[in-house]
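Hi,

Here's the structure I said I'd pass on. Have a look at it first, and then read my notes on the charged side chains below.

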Amino acid sequence: MANIPSFEVPPQMRDLAETSVEQARKAFGTFIGSARRATDTLQGSTDVARTNAQDIYARSLDYAEQNVRAAFDLAQKLAAAKSFPEAMQLQAEYVRERFAAMQAQAKDLGGLTQGAFQQGAERAKAAMQQGVEETRKAVKQGQDAAQQMGQETQHAADQASH
């Protein structure tokens, strides 16, 4: 069997390797942390969207109930009308009132919907910007650590050769 020469790693190289691993671990932790924060922010955006959708749905049901109740009230009034002209007047009043009410309801629901979309878009944009910025920082930190590790490796190699 051939003798395998014993080679001891200089302490500077071991220290450099430990430092490099720790820097890489920190950079990765920063990257994962920013990714998790971006995910949490997006989750918050979906929660807001769900709440907004529930509000719009509930308001729609309220308006539907109002409209049906108004129709029942008209039917009751028509049943109690004593003449055809009175019934026609009740019908005309109902149409005017319902038209105005439905315009107001449509305007309100449109405003709620627009606000919900705008709020969702703003939150999504903010989440994406935050995620991009944090990722950019993590990548920069990783690049800086790699550059420093390269310089330290070169320095340790220079010292080991002398």
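Keep in mind that this is a predicted model. Let's start with Arg59: its relative accessible area is 30%, so it falls in the partly exposed range. The side chain of Arg59 forms a salt bridge with that of Asp108, at 2.4 Å from N to O. What makes this pair worth a look is where its two ends sit: Arg59 is in helix α1 and Asp108 is in helix α2 (residues 84-161), so the contact ties together parts that are 49 residues apart in sequence. Asp108 is partly exposed too, with a relative accessible area of 23%.

How many salt bridges are there by this rule? The count is four.

Glu65 and Arg69 pair up through their side chains at 2.7 Å, N to O. Both belong to helix α1, and they are four residues apart, about one turn of the helix. Glu65 is partly exposed, at 40% relative accessible area.

Then there's Arg25 with Glu22, a salt bridge at 3.9 Å, N to O. That still counts because the cut-off is within 4 Å. These two residues also share helix α1 (residues 11-80), this time three residues apart, again about one turn. Is Arg25 buried or exposed? It's exposed, with a relative accessible area of 56%, while Glu22 is partly exposed at 38%.

As for why such pairs form at all, side chains of opposite charge can pair when their charged atoms come close.

Cheers

How values were computed: Residues numbered from 1 in each chain as written. Predicted model: local features only at pLDDT ≥ 70, side-chain atom pairs only at ≥ 80, totals over all residues. Heavy atoms only, no water. Buried < 20%, exposed > 50% of the residue type's maximum accessible area, 1.4 Å probe, protein only.
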